[in-house]
Amino acid sequence: MEFFVDTADVNEIRELAETGLLDGVTTNPSLIMKSGRDIMEVTKEICGIVDGPVSAEVTALDYEGMMREAAVLAKIADNICIKLPLTMDGLKACKALTSDGHKTNVTLCFSANQALLAAKAGATYISPFIGRLDDMAIDGMELIEDIRTIYDNYDFKTKILAASIRTVNHVKEAALIGADVATVPPSTLKALVKHPLTDKGIEGFLADWAKTGQKIGG
Ligand code: E4P
């Protein structure tokens with residue numbers, strides 16, 4: 001499973017990129033707003049930190065507007081992935097952009113049929129939003145499962161990018177189902193490494209080690 005971080009905070013991205021565990025970044029208009037920075041400037045900086053795909057979202061709602069904005073965003077860097085909403089115009093733009101050789105991420109997916117359409121439009125990634133479905137008492141993970149089945153049935157190459165992840169369990173469940181990528185907020189990504197027994201184990205080993213009076217390499 002690939003890990004993307006879901007943020008436009010360059011300090012968080014830099015810290016996670018240094019671990020060597022980060023495969024890409026996703027942003028959206030709300031995350032750009034949260035960063036307080038200019039979209040072009042911050043996205044360019046992010047593209048320089050990670051080699052993998054960096055999703056930048058269009059805000060136009062019509063096909064022509066989306067294509068115009070996509071052309072501007074695509075010029076930022078070679079690793080830009082154009083993020084498009086799951087609407088008829090978004091799918092039309094997705095088809096045109098993927099045919100032109102761009103990476104695309106179709107976002108705001110809440111049903112298996114929407115995901116089927118995105119795959120037919122040639123999307124590089126489909127982003128089903130788990131957390132926002134869970135918020136409505138609808139099982140977001142069931143959607144990931146349905147999309148996995150449909151894509152495997154027809155051998156669609158579109159990657160399932162599990163999005164709107166809120167918990168470490170969401171990551172585990174999505175990995176068990178076989179989602180290709182998870183885009184995860186920085187704090188949740190960092191929480192994946194945590195286990196109290198790991199901390200307790202280290203504490204015990206270090207206490208015993210101190211009693212030996214030894215040092216490794218000197
Ligand atoms: C994905 O690309 C989106 O940016 C993100 O996962 C949305 O998450 P939210 O529902 O927590 O806003």
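Helix α9 is followed by G178, whose phi is positive, near 105 degrees; helices (H or I, at least four residues) and strands (E, at least two) are DSSP runs, numbered from the N terminus. This is a predicted model, in which local features need pLDDT of at least 70 and side-chain atom pairs count only at pLDDT 80 or more, while totals for chains, interfaces and linings use all residues. Residues are numbered from 1 along each chain as its sequence is written, and side-chain values use heavy atoms, with hydrogens and water left out.

**Helix α9**

- In α9 (residues 168-177), the buried residues (under 20% relative accessible area, with exposed over 50% and partly exposed in between; 1.4 Å probe, protein chains only) are H170, V171, A174 and I177.
- Seen down the axis of α9, these residues fall within an arc of 130 degrees, so they line one face of the helix; the arc is that of the directions from the helix axis to the C-beta atoms.

**Salt bridges**

- The structure holds 12 salt bridges, each a side-chain nitrogen of Lys or Arg within 4 Å of a carboxyl oxygen of Asp or Glu.
- One of them joins E2 and K159 (3.7 Å, N to O); because E2 lies in strand β1 and K159 in strand β7, the pair ties together parts that are 157 residues apart in sequence.
- K83 forms a salt bridge with E57, the closest N and O atoms being 3.7 Å apart, and both K83 and E57 are buried.
- R148 and D180 also meet through their side chains (3.2 Å, N to O); R148 is buried at 14% relative accessible area, whereas D180 is partly exposed at 26%.
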